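Please read the following note alongside the sequence and the model.

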Amino acid sequence: KVLKKIMIVTIPITITALLSTVNKNIDSFTVVSGLKSFITDNARAKELYGIISGKVDTLTTLPLSFNVAFSTALVPAVSSAIAMNNKKMASNRISFTILATILLGVPATVGMIVFAEPILKLLFPMQPEGTLVLQITSLTIISIALVQTINAALQGIGRINVPAIALTIGVFVKFICNKTLVPNPNPYYGGINGAAIGTVLCYIIADTIAFIVLKRSIKIKTGVVKFVIKPILASIIMAIISYGLYINIIGIIGAKLATIISLVVAVIVYGLSVAVLKILTKEEVLMLPLGNKIYKMLNKMKIYE
């Protein structure tokens, strides 16, 4: 009986993890073959695939590592609350973790879109190609981050089959997109950009399905203003100030140093914007790592009374 219970839990979780790998591997056997329909140079087709598998995947995966801690900690936190029959506690923990994910994912997405070209020139000065495909794929940062968190919440409340089903549908859409868009020579939605669009659609679909099931399974507070409008507004403020700074100093100190300084400023501006807009309540600030110190600092700045 114990073994059966273990298998019932672990098999869907394992399938979900495998599907994430399958989703990436779809590009490995569809992109190059698809590109050959309008690119006769085999080396060039492999070079374009390398932009996705090398540069883009590496850059868009990096911000997600910060969200892993939230999603990992959420499963036992929610399952323990459910075991105690305390649905309110489970709901609050899920809502806070989704908000934290959004506050991490949205600025990372916006920042990567705005600074795509400078970042590529900074990290790959000899081969900075791939700005548009990086900008498109950057939309997966927030999508995958939300998938990680929502799937953890579903696993915590016992809906362990849903993530696997949602991601299966998303991977199928990704495969169809690759087979139809990659062989298209259109410079905007064809070629490697088509593969990027397929990845974005995959996770948006998986997100949508999983979130609908989560909302129907447990009551969670996800107000549009707090969870959508304010994080986007804070990210826009960040992007305008940091990119404006970049444009003004690039001719003075050079592109590389201008990029680094602008990205550091972006982090600071975003943090201040989140605080000024009061996206987090006092209780939520205290729940953050070093929450007490952060709250005391904000209190001295008279942002939180």
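1. The largest cavity has a volume of about 50 Å³. A cavity here is a set of points, on a 1 Å grid over the protein atoms alone, where a 1.4 Å probe fits but cannot get out; points are joined across faces, edges and corners, and the volume is the space filled by probe spheres set on them. The search of the whole structure finds 1 cavity of 30 Å³ or more.

2. This is a predicted model, in which local features need pLDDT of at least 70, side-chain atom pairs count only at pLDDT 80 or more, and totals for chains, interfaces and linings use all residues. Residues are numbered from 1 along each chain as its sequence is written, and side-chain values use heavy atoms, with hydrogens and water left out.

3. Residues lining the largest cavity (an atom within 4 Å of a point) include Phe 66, Leu 104 and Ile 141. Helices are DSSP runs (H or I, at least four residues), numbered from the N terminus. The largest share of the lining, 3 residues, comes from α4. The lining comprises 6 nonpolar, 3 polar and no charged residues, with Ala, Val, Leu, Ile, Met, Phe, Trp, Tyr, Cys and Pro counted as nonpolar, Asp, Glu, Lys and Arg as charged, and the others, Gly among them, as polar.

4. Helix α2 (residues 42–61) has 20 residues and should span 28 Å at 1.5 Å a residue, which agrees with the 27 Å between its end C-alpha atoms; the expected span is 1.5 Å times one less than the number of residues.

Methods: On a 1 Å grid over the protein atoms alone, a cavity is a set of points where a 1.4 Å probe fits but cannot get out, and a pocket is an open set with protein on both sides within 12 Å along at least five of seven lines; lining residues have an atom within 4 Å of a point. Helices (H or I, at least four residues) and strands (E, at least two) are DSSP runs, numbered from the N terminus.
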